[in-house]
Amino acid sequence: MADRILLVGNPNVGKSALFHRLTGVHVICSNYPGTTVEYTEGSLNVGGERVQVLDVPGTYSLTPSSKGEEVATHMIAGGGTIINVVDATNIERNLLLTLNLLDRGLPVIVALNMWDDAAHRGIRIDAAALSKELGAPVVPTVAVTGEGVRELVGKLAEAAGAAAGRGVRERSDGERWAEIGRILAKVQSLEHRHHTFAEWLGDLSVQPLPAGIPIAVVVLAATFAVVRLVGEGLIALISDPFFEGAWLPLMERLDGAIGGGILGDILIGRRVDGEIHLRESFGVLTTGVYVEFGMVLPYIAAFYLAVGALEDSGYLPRLAVMLDSVMHRLGLHGWAIIPSLLGLGCNVPGILATRMLESGRERLIAATLISTAIPCVSLQAMIWGLIGERGVRCVAIIYVSMLLAWLVLGRLLNLLLKGRSPELLMEIPPYRFPPIRVAAEKLAMRLVQFVREATPLVLGGILLANVLMLTGAFDLAAAAFGPILSAIWGLPPEAAVPLMVGVLRKDVAVGMLETLGLGDAQMVVATVGLAMTFPCAASFIVMLRELGWKGFLKSVGIMLATAAVAGAALNLSLKAAGME
Amino acid sequence: MLREKGAPIPHADRLLLLNELQPGRTGVIVEIVGGRGICNRLQAMGLCIGSRVRRVASAIGRGPVVVEARGAQFAIGFGMASRIIVEIENGGQDPPGRQP
Ligand SMILES: Nc1nc2c(ncn2[C@@H]2O[C@H](COP(=O)(O)OP(=O)(O)O)[C@@H](O)[C@H]2O)c(=O)[nH]1
């Protein structure tokens, strides 16, 4: 038995789903090419032995043309048994990679995945005959339910023997395509059937007019509405009753037990009109816990519910087609809408997903746009929750400012940076509707991940803010940066402090801003400034990793300049409009 | 690549750029004008000389061209599509999109 197993296949064939089945390690699967841009590692028990399993980024060929494909070719060269995951609904296209792998004499076993979907579509494949034609074991699987996975593992050992029997072959891709045609004629039969509803919808939504663009607008508006309604609903029905009915009394009792002092200041915070205030007291256990679990978590759940559905259905690549022309003006192509959309949830996965873009120039533009002009859902939850109380007008100004900044900055970067944006070339997957259970698992996984990553930062951020406040470090910061803020953004010097805390968590920072008693105009400017300047520490780290030092410094410079200009312009125009 | 330099182009009246192919019509790719990089990327996705492609949707302006080939759908940027030459198949009801 080889010491490692590689999952290799075209993009979007179910590798991540199969990886999860094999190893129990949870990974996010989505219905668009490029889900796995970084390899994931896990292990599997084969006959009492632990074997390493690697999920390789999707690749169409063994001659790399994007960063993901480069990683894939490199990993394949490192040896191991290969599970070639093939989409049974589309084996013609998939078999090119299979033949490439076989011709190199590699030990390959073929997982004929999406077997359920193929049956649905009236595609019949004779797996035994295919195995004979290829000279490698072939096992039908349904990765999302686990069907066939046990048999696949059982036949792993046959791959090496089959490879020895085949040997190495030199031929061109043209010859391989001819061979594929010959094999298909023998092993595949298609039942004649009518266009399915999903296919009809698929064709309708890639045709810009009359349907495609209206569909895109409706889908985006509906997504936004679902996030707001579900988020608000969760807060009104679950989180507020819990925090006000159970948590607040508990805090009152705890405060009594602690009896004030420094510990009380840090854990419970200060009283507002003699009472503990969940948003404004600013203790680790009051505001810290409430901001994360009471205000932000409901919106995170709502966001990933909506975006998860979009991802799994396969709509996103169609949205990319609709928006390609617009995105080209920003120096990107349509595909960049996917990282941007993910960035609306959290900038970290958004920036990571920029890997699916081909050129360094595009990755720089996309990552800079995300970190500068795309507010994450944690920040948005606070904008809706806190600033929403000041009226819809304030919220609308913030959103319009961010959107304008996104368009203008993208346009400028496209004009100023050398090079051209590359052309779109992508596969559009069929619409698929995965079982509710699979969607629920994915949502749960993302929520757990959020809680695990954000909790220490939120609680730590509030702790740090309190310590700095008690030690007087804040006054120093306000004295140092305050004058600049007052001069360009028209904010009071104390606003320097929340902006600095924003480096840890933006949601906490908005909470701090709200305690400063700012006017509407100042609050709007401060929030936009906060959203545009430094992204939180976590996105900072991934930016550095993805862009390298040079790109990172460039990107941060652009971000600061944009924030300064945008904040100043907004301040001036709001003043001119007479907003207080 | 398919013919001698200077030799007359066979069926010139049936040749179109991919972006000129009308929705619903089918053509066979006869030439890809471009560097190895582009050819390799297209080839790996199953879009190579000799492949039959059916235009699925029309585009607005310079939007991407959506085609179906080998049972899968692809979106190809306008610029890239205009470097792919196809020969339209006989038997179409309407005349070719480009008049001489
Ligand atoms: N019906 C069906 N859907 C599947 C199967 N395997 C994966 N999927 C879905 O296909 C999409 C792509 O899967 P993913 O694992 O992300 O593919 P990867 O890009 O190759 O890693 C996801 O939406 C999965 O839920 C399967 O066997 N049957």
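**Aromatic pairs and helix packing**

Tutor: A search of the whole structure finds 13 aromatic pairs over all chains; rings of Phe, Tyr and Trp (its six-membered ring) pair if their centres lie within 6.5 Å. This is a predicted model, in which local features need pLDDT of at least 70 and side-chain atom pairs count only at pLDDT 80 or more, while totals for chains, interfaces and linings use all residues. Residues are numbered from 1 along each chain as its sequence is written, chains are lettered from A and ligands numbered from 1 in the order in which they are written, and side-chain values use heavy atoms, with hydrogens and water left out.

Student: How are the rings of Phe242(A) and Trp247(A) arranged?
Tutor: The pair is tilted, because the planes stand at 35°, with the centres 6.4 Å apart. Planes under 30 degrees apart count as stacked, over 60 as edge-to-face and the rest as tilted.

Student: Is Trp247(A) buried or exposed?
Tutor: Trp247(A) is buried, at 19% relative accessible area, whereas Phe242(A) is partly exposed at 41%. Buried means under 20% relative accessible area, exposed over 50%, and partly exposed in between (1.4 Å probe, protein chains only).

Student: What about Trp384(A) and Tyr399(A)?
Tutor: Those two rings are stacked, 6.3 Å centre to centre with 10° between the planes. Trp384(A) lies in helix α17 (residues 377-385) of chain A and Tyr399(A) in helix α18 (residues 392-416) of chain A, so the pair links distant parts of the chain, 15 residues apart. Helices (H or I, at least four residues) are DSSP runs, numbered from the N terminus. Trp384(A) is buried at 8%, and Tyr399(A) is partly exposed at 22%.

Student: Which residues make up the cluster linked by ring pairs?
Tutor: Phe224(A), Tyr299(A), Trp384(A) and Tyr399(A).

Student: Switching to helices, how do α23(A) and α24(A) cross?
Tutor: The axes of α23(A) (residues 520-532) and α24(A) (residues 537-576) come within 9 Å and cross at roughly 165°. That makes the two helices roughly antiparallel. Angles under 35 degrees count as roughly parallel, over 145 as roughly antiparallel, 65 to 115 as roughly perpendicular and the rest as oblique.

Student: And α16(A) against α24(A)?
Tutor: The axes of α16(A) (residues 360-373) and α24(A) come within 9 Å and cross at roughly 55°, so this pair is oblique.

Technical notes: Axes fitted to C-alpha atoms, helices over the stretch in contact; angles between N-to-C directions.
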